[in-house]
Structures are given as C-alpha cells and as structure tokens.
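Student: I would like to go through this model with you. Could we begin with its overall dimensions?

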Amino acid sequence: MARLSERNPASAPGDWYVDRRCIDCGASREAAPGLIVHRKGKSVFARQPANEEEERAAWRAVLVCPTASVGTEGHRAQPADLFPQELAPGVYRCGYNAESSFGAHSYFVRRAEGNLLVDSPRHVGKLVRKLEDLGGVSNILLSHQDDVADAHRYAKHFNARVWIHEDDARAAPYATDLLRGGEPAEIRKQLLAIPVPGHTKGSVVYLLEETYLFTGDSLAWSHEREGLVAFRDACWYSWSEQRRSLAKLADHRFEWVLAGHGGSVRLPAEEMRARLRALVERM
Ligand code: SF4
C-alpha cells in the first residue's frame, strides 16, 4: 500500500498520489500516460483522474508499481479485470511488475499454437488464475538477464518451456532452451528470437507474426520525445554493439514495439522502420 505519510508534495492535490519511495522505473507513466508524469527523478500525478477511464488507468498504475507507491486516499473499490490488459488481439500487458526487474513490463500472448509469456511479472495468485483461464502458458520468452523476475515460478506452475540466450543464461538456470550465437532463430512458425547484444550480451527481442516485437530493455518508445529510444545510461554491455544490433533489426517488419522499460507503440511498418533508422543515426 502507498504511504500517505510519505506522499510526494509534487503530486497534484487530490485523492490520488504517489509516495516518495518511487524508484522511477517509469511503469506507472506507461500505465497512466499523461496522468502520471516524471518530475525531479520521481513519478507524480500531473492532475487527478477526470473520468472513469482515467480512474481505471490510475488503478492500473497501482497494480504495475513495484514499490506500491501509487495510492488513493478515497475508499474506492478497485475495478475488476485491469490485468492482463489486452493491447491488441490476444496480446496483453501482464501488470504486477516486479521490483527485481526494476518494474519492467511483461506480456502474455494467447494463441492456438500455445500461449506465451514474455519476461515475467510477479507471481501473484490473482494473475496466475487469469492466465489459467486464458489457457495457461506453454513458452516463457526471456529478453535478458535483468527481467526474469518470477519466471521460474510461472515455468513450474504451467510446466512451460523457458527460452533465454546462453550469454544471459546464468540468470535462469532453469531454462529449458538456450538461444546461441547472433543469428535469428525460429522458435516456431511466425515466432523469431533475434539476438540484439548491447544492453546485455545476451539480449534478445522476440518477433511474433511480423507484427509484434517484444523488445525487453533494448528498444522503447518515448512519449515525451515522440520517437524510438534506447537507453545509453542503462547499457550494461556495449553501446556500439547495441547500435549494430538495432541497425540489423531494421531488416525485419513489425508494427508494434512492446517494451520492458519505457513506452510501447504501434506504427505502420514503414514508419516504424524509418524511425528505427533515425534512432540508429542518433546513436
Ligand atoms: S511504477 Fe511506482 S516506482 Fe515505478 S515510476 Fe511509477 S510510482 Fe515510481
């Protein structure tokens, strides 16, 4: 629960607030864009929710926050069915972001060929039951070593295969399938694992149906800059490698960037490619 006694005074007056324990992971800003904003190294409410839809966004911010820093003074009932949040047909944001992954977003995909979990949320009974209702998880796709969170518990619960690149595999000794080398690998039809060394040596993005690109911490959308971004300050392996990796990514077609940290976006494939090339130029 958020701590009223530690309410950040920079948060807009009113019932909803963010406390000072915020670690600035950015997850709440993606859950409630425009409502929760960045100020002086923390997230705060820019204004109070003005309608039911914005109130649902604020509640989503409560559920994504890994430090439980988002709260309300009012005694409102939390709406049901906030997460998993369907972003596109059968593609969901999981919510319940883990502090161990610095609040990274994770995703669930429902498909007849078998459902996917991309990176891992906290292992929360409420979410586990929802994923059971949606058909369970057959494959867990880990983007890199930092965002594994509770993947081992989901793997055990759903008896799922777990994929990670061998260069980051120390973070997931329970992985069943190791990706090797630098070339894309087909996990199944219409699902590619594309190594993108840079953020970490073993970073991987996953491309589903030439449409959905799950990017971990290698690539994201910035609502503030209205462009694709990569995180130089959080590049743990090699910035020049990351630039090379993202340049190669422009060979692939995709419309969605679904990021671990930072924003997600849908754009026409050609515009996405042009924006990716522009990012590589800036890097
Ligand atoms: S999700 Fe929580 S910790 Fe992360 S930026 Fe928002 S308020 Fe801060």
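Tutor: This is a predicted model. The protein has 283 residues, for which a compact globule would have a radius of gyration near 19 Å; the protein has 18 Å, which agrees with that expectation.

Student: What box do the C-alpha atoms fill along the principal axes?

Tutor: The box is roughly 50 × 45 × 35 Å.

Student: And what percentage of the residues is buried?

Tutor: Buried residues account for 47% of the 283 in the protein.

Student: Turning to secondary structure, how many helices and strands are there?

Tutor: There are 6 helices and 19 strands in the protein.

Student: What share of the contacts with a separation of 6 or more joins residues 24 or more positions apart?

Tutor: Such pairs make up 55% of those contacts.

Student: Now the domains. Where do they run?

Tutor: Domain 1 covers 4-72, and domain 2 covers 85-282. Their C-alpha centres are 25 Å apart.

Student: How many residues does each domain bring to the contact?

Tutor: Domain 1 contributes 11 residues and domain 2 contributes 14 residues.

Student: Which helices supply at least two residues each on the domain 1 side?

Tutor: On the side of domain 1 that touches domain 2, α1 (27-31) and α2 (52-64) each supply at least two residues. The largest share of that side comes from α2, with 3 residues.

Student: How does that side divide into nonpolar, polar and charged residues?

Tutor: The side of domain 1 that touches domain 2 has 7 nonpolar, 2 polar and 2 charged residues.

Notes:
Residues are numbered from 1 along each chain as its sequence is written. This is a predicted model: local features need pLDDT of at least 70, side-chain atom pairs count only at pLDDT 80 or more; totals for chains, interfaces and linings use all residues. Domain bounds come from an automatic or database domain assignment. Two residues are in contact if their C-beta atoms, placed from the backbone, lie within 7 Å. Helices (H or I, at least four residues) and strands (E, at least two) are DSSP runs, numbered from the N terminus. Ala, Val, Leu, Ile, Met, Phe, Trp, Tyr, Cys and Pro count as nonpolar, Asp, Glu, Lys and Arg as charged, and the others, Gly among them, as polar. The radius of gyration is taken over C-alpha atoms; the globule rule is 2.2 Å times the number of residues to the power 0.38. A residue is buried if 20 or more other C-beta atoms lie within 10 Å of its own, exposed if 12 or fewer, and partly exposed in between; C-beta atoms are placed from the backbone.
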